[in-house]
Amino acid sequence: TNISVLVSGRGTNLQSVIDAIENGDISGAKIVAVISDKKEAYALTRAKNHNIPGIFADPKSFSSREAYDDCLLDILKENKTDLVLLAGYLRIITGRLTLAYENKMINIHPSLLPAFPGLHAQKQALEYGVKVSGCTVHLVEPALDGGPVILQKTVPVLPGDTEETLAARILIEENKAYPEAVKLFVENKLRINGRNVTILE
Ligand code: GRF
């Protein structure tokens, strides 16, 4: 399975997948490209450190979201991408990109979806006053943070939590959940039935 990863930032989730491949937890997969819309994304440095091609695609060089995503599609195809991972990728993705990789594009989000989609999910959770939160790994559909759920992990929200402390607690689970979900995909253990994802034994 050739995996391409779209990033915008620090890349801890990218790192968790790199590590799972390198230590053999995930076998039969290779990260063929890390693509960033931000030049300074630390995720690009992580790619470089592991001899993975890191590509900065500058949104400013394109006149529309569609033109930008066409460029991404070219890069994905050139690299014979079978699976696209969104890992802290902050740009909205157009329908042509999601459709081209229908059921082959995965995202991770720092809340228990459908609660708190969009930006600042951890802050939204604190403001709402929920007692548990967590992360969701899901297939990508055109709707923002929609798409069938592959797996979720929960954490408690504790008295005195700030956005930072809650985000850190959730991130620990994200960094476990993402490689787990990628492993299931690579091992062809996911069966998608409408909104329902079944995991084979
Ligand atoms: C994570 O919280 C992820 O859930 C969200 O963006 C953040 C990315 O973190 N989509 P990292 O770049 O993987 O460290």
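# Talking through a predicted model

Colleague: How many C-beta neighbours does Val155 have inside 10 Å?
Modeller: A residue is buried if 20 or more other C-beta atoms, placed from the backbone, lie within 10 Å of its own, partly exposed in between, and exposed if 12 or fewer. Val155 counts as buried because its number of C-beta neighbours inside 10 Å is 20.

Colleague: What should I know about the model before we go on, and what is its mean pLDDT?
Modeller: This is a predicted model, where local features need pLDDT of at least 70 and side-chain atom pairs count only at pLDDT 80 or more, while totals for chains, interfaces and linings use all residues. Residues are numbered from 1 along each chain as its sequence is written. The predictor gives the complex an ipTM of 0.98 and a pTM of 0.97. On pLDDT, the predictor's confidence in each residue from 0 to 100, 100% of the protein chain's residues reach 70 or more, and the mean is 97.

Colleague: Back to Val155: how far apart in space are Val155 and Glu173, C-alpha to C-alpha?
Modeller: Val155 sits in strand β7 (residues 149-156); strands (E, at least two residues) and helices (H or I, at least four) are DSSP runs, numbered from the N terminus. Leaving out residues up to four places away in sequence, Val155 touches Val132, Ser133, Gly134, Arg169, Ile170 and Glu173, where contact means C-beta atoms, placed from the backbone, within 7 Å. Val155 and Glu173 are 18 residues apart in sequence, and their C-alpha distance is 7.9 Å.

Colleague: Which residues does Leu83 touch, not counting those up to four places away in sequence?
Modeller: Leu83 belongs to strand β4 (residues 83-87), and it counts as buried because it has 21 C-beta neighbours inside 10 Å. Not counting residues up to four places away in sequence, the residues that Leu83 touches are Thr1, Ile3, Lys104 and Phe185.

Colleague: Which elements do the buried residues of α2 pack against?
Modeller: Helix α2 (residues 42-49) has Ala43, Leu44, Arg46 and Ala47 as its buried residues. They lie on the same side of α2 because they cover an arc of only 155° around the axis, taken from the directions from the helix axis to the C-beta atoms. The face turned away from that buried side carries the exposed residues Lys48 and Asn49. The packing partners of the buried residues are β1 (2-7), α1 (12-22), β2 (30-36) and β3 (54-56).

Colleague: And what covers the buried residues of α5?
Modeller: In α5, the buried residues are Ala121, Gln122 and Ala125. They share the same side of α5, because their arc around the axis is only 100°. Their cover includes β5, β6 (132-139) and α6.

Colleague: Which element gives the largest share of the shell around the ligand?
Modeller: The ligand is surrounded by 13 residues, of which the closest are Gly9, Thr12, Asn13, Gly88 and Pro110; a residue is near the ligand if its C-beta atom, placed from the backbone, lies within 6 Å of it. The elements that give two or more residues to this shell are α1, β5 (105-109) and α6 (163-186). The largest share, 3 residues, comes from α1.

Colleague: How many residues of that shell are charged?
Modeller: Ala, Val, Leu, Ile, Met, Phe, Trp, Tyr, Cys and Pro count as nonpolar, Asp, Glu, Lys and Arg as charged, and the others, Gly among them, as polar. By class, the shell around the ligand has 5 nonpolar and 6 polar residues, and the number of charged ones is 2.

Colleague: What is the phi of Asn103, which is not a glycine?
Modeller: Asn103 is in the loop between α4 (95-100) and β5. It is partly exposed, with 15 other C-beta atoms within 10 Å. Its phi is positive, at about 60°.

Colleague: How many other C-beta atoms lie within 10 Å of Asn188?
Modeller: Asn188 is in the loop between α6 and β8 (190-193), and its phi is positive, near 60°. Asn188 is exposed, because the number of other C-beta atoms within 10 Å is 10.

Key
Contact = placed C-beta atoms within 7 Å.
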